[in-house]
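Work through the exercises below with the structure open. Each task is followed by a solution in steps.

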Amino acid sequence: MKTPPRATTRDYLRELGVADLPPLTSPFDPGYDPLTLESHLSQSHHLMAAIKISMACWLVADEEATRRKVAAANDAAVPAVTGGGPFEVAVAQRKLPQYLELCADIGFSRIECGAGFTDVELEKHAEFSVDSAIAIGTAWLNAGAVAIVVEARESAAGVGLFDASGSLDTAGGERLVEALGLDRVVFEAPTKASQFAFLSHFGPHVRLGNVRLEELLRVEIYRRGLHSDAFNQPKLRPRRDHGNDVA
């Protein structure tokens, strides 16, 4: 007797009308141990556009643990990215060549180039300017940057496109996307509210960063309209014409 074909989640998602999407979220590792990171990569590598080995944690952790984490990301074909803070410190301390050499030797695929907190003239972050962000982002892209990251830090409140209450400036976000391209802008979304706000407004193809590893799957079911708060949103709800059974 012939064995019936195995039922798979991939086929079932197609039956539901969930579109196949490329990796669009870049989660961050806030300092997990290698085994934890490897487990998340095993479970979700196909959903990760990159993984940020965040802040300066990797500089003070056991170096072999750091190398193991970066190697695991590379083995899973997920670009390992440094956080922007270490870059700023390297520039401020005039040790950028040494920093770049270290990142290359460890195996990082990309480096996030931050700006702001090490400048002694900027004791307080200036109010976010969309015009300035477009100008700076355009210059970076012309210089060869892979993407422009729109800062939201850890709070998504009173920084970047978010006001003090955490409300998203959707008009400002649209201007950034129009000027730089949806495929080249990564919006940091460290909180549930910020994640849902970006996806609800821009739809499933928006790129998100600074999502904690343990929140990645929640973001991805929202992106695909499988979350209870996303299912009835026209931009996110699964469409039958995405599946195999088209009426």
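The exercises concern a predicted model and cover a helix pair and a set of salt bridges.

**Exercise 1. Determine how the axes of helix H7 and helix H8 are oriented, and which residues make the contact.**

Step 1. Locate the helices: H7 spans residues 130-142 and H8 spans residues 170-180.

Step 2. Their axes come within 10 Å and cross at roughly 25°.

Step 3. Angles under 35 degrees count as roughly parallel, so H7 is roughly parallel to H8. The crossing of H7 past H8 is right-handed.

Step 4. On the H7 side, the contact is made by Val130, Asp131, Ala133, Ile134, Gly137, Thr138 and Leu141. H8 contributes Gly172, Arg175, Leu176, Ala179 and Leu180.

Step 5. Sorted by class, the contact of H7 with H8 has 7 nonpolar, 3 polar and 2 charged residues.

**Exercise 2. Find which parts of the chain are tied together by the salt bridge between glutamate 112 and lysine 52.**

Step 1. In this salt bridge, the closest N and O atoms of glutamate 112 and lysine 52 are 3.1 Å apart.

Step 2. Glutamate 112 sits in the loop between strand S4 (110-111) and H7, and lysine 52 in strand S2 (residues 51-53), so the bridge joins parts 60 residues apart in sequence.

Step 3. Buried means under 20% relative accessible area. Both glutamate 112 and lysine 52 are buried, with lysine 52 at a relative accessible area of 10%.

**Exercise 3. Lysine 52 also meets glutamate 188 in a salt bridge. How many residues apart in sequence are the parts that this pair ties together?**

Step 1. The N to O distance between the side chains of glutamate 188 and lysine 52 is 3.5 Å.

Step 2. Glutamate 188 belongs to strand S6 (residues 185-188) and lysine 52 to strand S2, so the linked parts are 136 residues apart in sequence.

Step 3. Glutamate 188 is buried, its relative accessible area being 2%.

**Exercise 4. Classify glutamate 215 and arginine 218 as buried, partly exposed or exposed.**

Step 1. The side chains of glutamate 215 and arginine 218 meet in a salt bridge, 3.5 Å from N to O.

Step 2. Glutamate 215 has a relative accessible area of 18% and is buried.

Step 3. Arginine 218, with a relative accessible area of 25%, is partly exposed.

**Exercise 5. State how many salt bridges the whole structure has, and which residues Arg10 is linked with in a network.**

Step 1. A search of the whole structure gives 13 salt bridges.

Step 2. Arg10 is linked with Arg14 and Asp20 in a network of salt bridges.

Technical notes:
Residues numbered from 1 in each chain as written. Predicted model: local features only at pLDDT ≥ 70, side-chain atom pairs only at ≥ 80, totals over all residues. Heavy atoms only, no water. Axes fitted to C-alpha atoms, helices over the stretch in contact; angles between N-to-C directions. Helix = DSSP H or I, 4+ residues; strand = E, 2+ residues; numbered from the N terminus. Parallel < 35°, antiparallel > 145°, perpendicular 65-115°, else oblique. Left-handed = near helix turned anticlockwise from the far one by under 90°. Contact = heavy atoms within 4.5 Å. Nonpolar A, V, L, I, M, F, W, Y, C, P; charged D, E, K, R; others polar. Salt bridge = Lys/Arg side-chain N within 4 Å of Asp/Glu carboxyl O. Buried < 20%, exposed > 50% of the residue type's maximum accessible area, 1.4 Å probe, protein only.
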